There are 2 protein chains.
Amino acid sequence: MSEIAPEIEIEETASAAETDIAAVGRLAAAIADRDGLAIRGLLDECHPADAADILEQLSKEQVSQAAKLAPEAFTGELLSELQWDLRDDITEVLEPQQIAEAIRDLDSDDAALVLEELDDDVREAVLSEVSDEDRTLLESHFEHEEETAGRLMQRDFVAAPEHWTVGDTIDHMRAAGEDLPDVFFDIYVVNAAFAPMGAVAVSQLMRSKRDARLSDLMSDLRVTIEPDVDQEEAAYLFEKYHLFSAPVIDEAGRLTGMLTIDDMVDVIQEENKEDMLALAGVNDAGLSDSVIDSVRSRAPWLLVNLATAILASGVIAIFEDALAAVVALAVLMPIVASMGGNAGTQSLAVAVRAIASRDLTSANARRVIIREILTGLVNGVIFAVVMALVAALWFQNWTLAGVIGLAMVINLAFAGLAGIAVPLALRRFGADPAVSSSVFVTTVTDVIGFFAFLGLAAIILL
Amino acid sequence: MSEIAPEIEIEETASAAETDIAAVGRLAAAIADRDGLAIRGLLDECHPADAADILEQLSKEQVSQAAKLAPEAFTGELLSELQWDLRDDITEVLEPQQIAEAIRDLDSDDAALVLEELDDDVREAVLSEVSDEDRTLLESHFEHEEETAGRLMQRDFVAAPEHWTVGDTIDHMRAAGEDLPDVFFDIYVVNAAFAPMGAVAVSQLMRSKRDARLSDLMSDLRVTIEPDVDQEEAAYLFEKYHLFSAPVIDEAGRLTGMLTIDDMVDVIQEENKEDMLALAGVNDAGLSDSVIDSVRSRAPWLLVNLATAILASGVIAIFEDALAAVVALAVLMPIVASMGGNAGTQSLAVAVRAIASRDLTSANARRVIIREILTGLVNGVIFAVVMALVAALWFQNWTLAGVIGLAMVINLAFAGLAGIAVPLALRRFGADPAVSSSVFVTTVTDVIGFFAFLGLAAIILL
């Protein structure tokens, strides 16, 4: 009774979330010593999710080296836990037979994940090593595009005909045993054409009498998903309707697979990560990336930013005479641009988030756009007053203070407008609003900021 | 058999993700007409998740008005689906008895969610309207802090003693019927002290023979969670170990509640939203926010940004003589600052994301810091060459070109360093790295950018 002391539980809870730093050090040492046995021992002794966390602390070179020294430590479960870029580096090192061996015991969706990033010829070589049945199942995943429901779905699910009772179903499951998916939540009730008619939660089945009919217990299917639906869309439906699983149906309306919430959690995290990095102008990033990888994923957006920064400088160049006459303009102008850029980014983050969660639609776009402009105006007035006072004290020039205040109001109102209008416009044209909005918005705020401040100064001060 | 035509399914799939714009218009019209019956009819006819989406398209004033006109339309399910700020506005309008009526049929965790934001006296009034049993259950949620496992957990769960067989368990569940949670995935096997010893997935129970013992079927508990664990930490454990539910244990090690994956999906989304908004300098944001709400959530960070922008301007002011002598410096200096700001933000987004996913730890921090600096250096050299050529062509001045190139290399290297060092330092001091990193990083890149460019110019050009 007292074998489980609370202290032990607490220990486990606290450590479960943190990567084992000491183990990272031991693994790095084993790789440096080229000690395959030690590498295998270290990776085998922890849960695949922990082993993956430990490997993700190392550099790509170290991980490739580990895969060369101890290929058999990279089990299917471990491969499916790893970030795709690291997985890619490992499967490059492994032989096709070793990969085939590793994926043998995985569910087909996880196995497809491992195979997804392989070069076509390597994938063919791996598939030639597995059983005919497995090959057919795996190939069916690749009939669907990446990042779709069809690619993600599990091919194993539990379906029962409408006329079955609870007793029939339980007897069937006891007989099927190992052929059932590892874990499942819903039993899909299908008609003679194998179209899903409803679902019975397993917990519902458990508490119902043996003679109850599935057709009486089943609840309506709120959502059925087609294989070509984007994974982000599918995840949104899970989140919105609090689903645990959802049936995937083919063109003929037949049940063909099942999506489960645990896979959707991964999708949600991945899409959130993509949005956040995209907003900051990073194409893709893994912590194990080399310097070259990092440069490659960031340089394109820096190039775009350089072009827009030069554009903004072109605006400044128009007012060279004013700048030469009043050097205080050069000192103050970055403040106007910086405040506009910040206000625009705030507005943009709210908009991108609202678009991702489907809260910003054509029904409320007008109201939200007006709100953003007004918010910009109000903040503009507040900070115009503050900045005008600072400028007046600093340069003892009340006209200059008035100019920077007015420019601030103008720029922050445009910042609010750009922050919401740019992502909405990008979405209208079918682009991802997270990806390129940021650079457009700061271009607007730089150009408007410099133009308003220096233009007003040229008119009023000179 | 053919009642379910594929077309119908496709319709449902496509429409399920999108908010019904027409319904938003009808609801807005009903509110404008002060037609309580129509409001109730519109909200009742859709799924609570859809009704919540429709309401979230309206302004706060419209929603409050709807709650006044049709209080009974705001069922517990609808309230629990709404964003907290809108829920707050509605419960302000409803009478305590109406709130008590609404939450009657909710699970205790959802009911606690609705009560959470109420003023203390309103909450007391609501609690005095519910049964003693429900009140005790609800009050137990409020013993735990907001955003902890204790606040989120369900108090209903299924526990079975070690010596039970599959048959005992199924018989018990059939008898318990309505008293069981609506949906559950795991049966916790407890010892005589009510400490959880393992778990049996319901799907596992279903396919096992009636005489199999739970203690033979159960798998080890990978994770047990204490009530005071932060919800983000709990969600991370679910994600990492692909959990569907996890037991919550009290100080004595007794099973006291259960967390389920659907609640964790909400936590993950909320934490992601917070991080993304925090990086952009927005404290909190709902689409239904008024202009005043928006100003309040954004002005604080704009004020901080103004202070740092003035600091950067102070750096510029040091070099007034150089600016007065060479006006091209004023034209070009924002480019150096802008490129640094962008590179720093890229590095920062990668770091914040890696910290949130626990991939950036003390084991790899040194390697990643060096990588970020080198990435900044390499990008710095690339864009130094590009920008030097542009400057040389523009101003026909190769010395100026050399100065801006050199300043670019320096600023981008510091940008890479600041992008990763600032969030790591904030975390070391116990602050949320997402919240204030951005403003520190751009301050560094502005100050270094202006100092390097204008300082080098003052030395070399004058």
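Modeller: I take strand E2 of chain B, residues 186–190, which is largely enclosed by the rest of the structure because 5 of its 5 residues are buried (buried means under 20% relative accessible area, exposed over 50% and partly exposed in between, with a 1.4 Å probe and protein chains only). This is a predicted model, in which local features need pLDDT of at least 70 and side-chain atom pairs count only at pLDDT 80 or more, while totals for chains, interfaces and linings use all residues, and side-chain values use heavy atoms, with hydrogens and water left out. Residues are numbered from 1 along each chain as its sequence is written, and chains are lettered from A and ligands numbered from 1 in the order in which they are written. Helices (H or I, at least four residues) and strands (E, at least two) are DSSP runs, numbered from the N terminus.

From E2(B), Asp186(B), Tyr188(B) and Val190(B) point one way, whereas Ile187(B) and Val189(B) point the other way, and all are buried. The strand belongs to an open sheet of 3 strands with the order E1-E2-E3 in chain B and mixed pairing (two strands pair if DSSP finds at least two bridges between them). Strand E1 (159–161) and strand E3 (196–201) of chain B stand at the edges with a single partner strand each, so one side of each has no neighbour in the sheet. Neighbouring strands of this sheet are turned by 35 degrees against each other on average, direction ignored (axes are lines fitted to C-alpha atoms, for helices over the stretch in contact, and angles run from 0 to 180 degrees between N-to-C directions). Towards E1(B), E2(B) runs parallel and is joined by 3 bridges, and here Ala159(B) has Tyr188(B) as its bridge partner in E2(B). Towards E3(B), the pairing is antiparallel over 5 bridges, with Val200(B) in E3(B) as the bridge partner of Ile187(B).

Chain A can be laid over chain B by a rotation of 180 degrees with 0.0 Å of shift along its axis, at an RMSD of 0.1 Å (superposed by least squares on the C-alpha atoms of residues with pLDDT of at least 70 in both). That is the relation of a two-fold axis. The copies meet through the same surface, because 100% of the interface residues of chain A are also interface residues in chain B.

In chain A, E2 and E3 pair in the antiparallel sense over 5 bridges, where Tyr188(A) stands opposite Ala199(A) and Asp186(A) has Ala201(A) as its bridge partner. These two strands form a hairpin with 5 residues between them, and Phe194(A) in the turn has a positive phi of about 65 degrees. E3(A), residues 196–201, is mostly covered, as 6 of its 6 residues are buried.

Helix H13 of chain A (residues 166–176) has Val166(A), Gly167(A), Thr169(A), Ile170(A), Met173(A) and Arg174(A) as its buried residues. Their arc around the axis is only 165 degrees, which puts them on the same side of H13(A) (the arc is that of the directions from the helix axis to the C-beta atoms). What covers them includes E2, helix H14 (202–206) and helix H15 (214–217) of chain A, together with helices H13 and H14 of chain B (contact means heavy atoms within 4.5 Å). Just after H13(A), Gly177(A) takes a positive phi of about 50 degrees.
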